[in-house]
Every structure is written in structure tokens, then in C-alpha cells.
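Dear colleague,

I am passing on the structure below, and my notes on what was found in it follow directly after it.

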Amino acid sequence: MTVFPTLFPILLIGLIAWMMPALVPRSVPFGVRIPGARAQEPVIAQQRRLYRYGVAAISLVVASVVLATGSRPALGGLGVAAELAGAVALFQVARRRIMAVKQHEHWFGGLRQVVVTDTSLRTDPEPYPWRWAVPSIVLTAATVVIGILRYPHLPARLAIHFDAASQADRYAPVSLVWAFGPVVAQVLGTALFAGLAALVLRSKAQLDAEDPQTAAVRHRRFVSSGARALLLLATCLSVTSLLTSLTAWQIVNLARPARALFPVIPLLGVVVLVAVLVRVGQNGSRLRIRASRGSGSARRTSAVNRDDDRYWRLGLLYFNRDDPSLLVPHRFWLGWTLNLARPAAWAIIAATLGAPLITALIR
Amino acid sequence: MLLSLEVDGAVPLYQQLRDRIVEAIASGALRRGDSLPATRQLAADLGINMHTVNKAYDLLRQEGLIRLGRRTGAVVSRDAASGPPAAAEIAQWEQRARTLLAEAVAKGLSPQETLRRCQTILDDFTAGSPDPALLGESAS
């Protein structure tokens, strides 16, 4: 039982890395742009097999080392890092091999390379799913109101740590920062997720030039499911924040096992988010879309997607000065990544890394 | 409306973008009053520079085909149903048509064949029943 928390992330990451090749669109195996007609090339199937054997082997080795040495949390972290590094290395090997064959055999030679978009994605956009945003907003507002009402009645010091017998063993004097710090974090978190959902809805539509009509439908489903799942995660985070604050303010007094469940709720949200994205596939690539929606081989175009490998450093990082988009769909994985040629991307990275640092310094 | 650009083609991107939008208006895929995406958004979706989209929109504005408003964005201001163009516009168009037809004649395409092909293209535009799935709800 004690080994489980250490083993779980290792197995989960192993599984996700193993599934990766099946989740991305067929036109970018291992981050290499290929013409659709080349999707069945033997080199791709071969590299996919090698990558998967490698990921399975690394995960098993890491898991057995953790099992053999007991489950020290530090070791678990190290194991996850080793596993991720291994998966990235295997990805790079597969990418290089496929790129070499692609260049050697001139896969794009003589093909008409195009970029395609559907203007109706913007003139008739997917609506913002307010219904999904309301719960987290209401929960956050409730936390703020309860906090304001409760603050005058708080004791001079608050319990911040509890021993094994659920008895408080560390206290902090009540100040605005202590009472409302978590609330401010909750407000910011809710706003962040609401904003992220909006960004996702407006994120770059990377349509498959070989079947743009179906690709537009896929894009719509991809962004609307992604935005909803993000807002669901925001709701889960708000529930946990509210419960944590209620406990800290001594409005409810939950036993230790109940408190241990607090972090599980957002974890469920993350699991749902991943499950939704796995179901939909990157850019909606795993959705089955009926041919009656105006797709099918008859309406496929003669053009192929532009070979845009040059904008993907190592096949992982997007850097395109011409492209004004900030959020672009990942190429090797689910979800979105930043266009590192945009200054705003670096601001976001700095804020993400800096916020915990500043919080730690203030404390 | 689907917009497709040949990124590494010989024709400049802004020209391609302008041409595709003119064709969409001719075929009825875009009608008077329809909105076009914001410059930044269209550039982002196509992964091209914003100035390229700006240049195409500016060309279309000069030709009187779209209106650019600070709040409304780019809106189609003219289509086949808006009545005949001014004499000066017809003259300008005729000049360019002359060049295009000259290319056909110079390369040995017979006048009958040239006319037949022109007719086919024109029929495409007038019979162009735009795909409702692509038009969306913006046709108001």
C-alpha cells in the first residue's frame, strides 16, 4: 500500500508515453510532418514499435527499482524524471530516423504544400461554455464571502499543521495573509482557468490540408471539449480550496482521512481532462466523424500539409516569428503549447515559474 | 469558407489571400454583410505574418469589396447582387482580362476554346451553391 503512491505516477507516465504515438494526428508521427500518403511507410511502423518497446522497458526497470528499494518519495521523483528523460530520448531517436528517410526519399518532392483554414471557425466561433464556468465562479465567490464574514470571529491564531492524531501541533498568528492567502490563490486560479478556456477556444486551428472540411469539425470538437474539461478541473480545484479554507477557518472540523481526500478531487479533474483529450485525440484526430458531414475520400484535396518541421525545434518546441498565435496545438502530445517566438510566451513561463518563488519569499 | 494558400508558391501570399476572398465572393460563399476573421486571428490560423493579412484586406478595401471598421472588423461590402460596377472599374478589369486572354492566345489556345473555358468558370460562380456547413450562421 505504501508503495502505491510512488509507483502510480511511474506507471501512469509509462502508459501515457506508450500511448503517445496513437494520440497525435497521422500527419505528424514523432513530430515529423509527412504527406498523408506516407503514413503507412514501414519506417514509421518500425520506429513506433521500437519506441514502444523502449518505453515499456524503461518503465518496468524504473518500477522494479522503486519496488526493490522500498518507496522513498525522493526516489519516486527521480524515477519519474528518469522515465521522462528516457521517453524523450526514444522520441528523438524515432524522429531522427523518420526525418532521415523523409529527406532521403524526398517525400514532399513535387507536392503542392498548402496551409488551410476555415474562416467560419472565427466568424461563427464555438460559444464560451459559461454553464461549465459557473460552478467554479460560484464556489470562489462563496469562499470570499464566507471568509469576509468569518474573519472578525477568527481566533488570534490558526492551526496550520496537524499531527497523526489529528491534533493541531503548529499554529500561526491570524493575519490577512494567512486567512486570505489561499482565497487570493483560489480567485487567481479560477480566473486563470476561465481565461485558459477562452484561449483554448481561440487557439490556432491547425487544419489538415488533405481533408480540411472534416478537420474543421474535429477542431471544433477538440477545443470545445478541452475548454469544458479545463473548467471542470477549475471546479474541482475550487471545491478543494473551499474545503481547505473552511477547515482552516474552523467552520468545519473534518477528521484526518477526510482531509486527505482534498487533493484527490483536483487529481480527479486532471484524470478527466486527460481522459477527454485521449478520447478526442489531438486536434480531434481520434474522433469518428460520419462521412455525411461532407468528408470522405471523394472530397479530399490534392494538396498536402506544408512541411513545417523547421518551426518545431527538436520536434517539441514551437518557434515561429511570423505566426502571431500564442497557443498552438502540441505536435507530439495532447493539448497546447506556446509559440516561443512570442514575448508573451516568455512572460507566461516567467509568471508560472516565478509565482511559487515569490510566494515562498513573501512567506 | 475554406481558405487555402500555397505557402512556398510563386504568387505572393497577400495576393493569394486577396484572390481567394474575391473568388469566395463571386461564388457566393461570402455574401455582402458577412464578416471575415480578425487580422490577427486569420494570420494565426494560417501561421503567416499579420502584415500579409493586413495587406490583403487593404487591397480588398481599395477595391471596394470589403469595409474595415475598428469595431466591426472586415465585412464584405459588395457581392454579385450589389449591382454593376462603375465604368472606371470595368475599364481596369478589362485591362487585366486582356492580359490574361492574351496569354491564352499567345500560347495557341483557340478563341472558341478560350471562350468555352471562360464560360465554364463563369457557370461555376453563378451555379455556386455554397456549402451551408462552411458558411455557418454568419450569412445574415
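Leu12(A) is partly exposed, with a relative accessible area of 37%, where buried means under 20%, exposed over 50% and partly exposed in between (1.4 Å probe, protein chains only). Leu12(A) sits in helix α1 (residues 4–23) of chain A, and together with Phe4(A) and Phe8(A) it makes a nonpolar surface patch of about 280 Å².

This is a predicted model, in which local features need pLDDT of at least 70 and side-chain atom pairs count only at pLDDT 80 or more, while totals for chains, interfaces and linings use all residues. Residues are numbered from 1 along each chain as its sequence is written, chains are lettered from A and ligands numbered from 1 in the order in which they are written, and side-chain values use heavy atoms, with hydrogens and water left out.

A patch of positive charge on the surface of chain A gathers Arg221(A), Arg279(A), Arg286(A) and Arg288(A). Patches are made of residues with over 30% relative accessible area and no salt bridge, like charges being joined within 9 Å and nonpolar side chains (Val, Leu, Ile, Met, Phe, Trp, Tyr) within 5 Å; a salt bridge is a side-chain nitrogen of Lys or Arg within 4 Å of a carboxyl oxygen of Asp or Glu. Arg286(A) is partly exposed at 35% relative accessible area, and is found in the loop between α9 (264–280) and β4 (304–305) of chain A.

In chain B, Val53(B) lies in helix α3 (residues 50–62) and is buried, with a relative accessible area of 0%. Not counting residues up to four places away in sequence, Val53(B) touches Leu17(B), Thr39(B), Leu42(B), Ala43(B) and Ile48(B), contact meaning heavy atoms within 4.5 Å.

With kind regards

Key:
Accessible areas come from the Shrake-Rupley method with a 1.4 Å probe; for residues, only the protein chains shown count as cover. Lys and Arg count as positive and Asp and Glu as negative; His and the chain ends are not counted. The place of a charge is taken as NZ of Lys, CZ of Arg, CG of Asp or CD of Glu. Helices (H or I, at least four residues) and strands (E, at least two) are DSSP runs, numbered from the N terminus.
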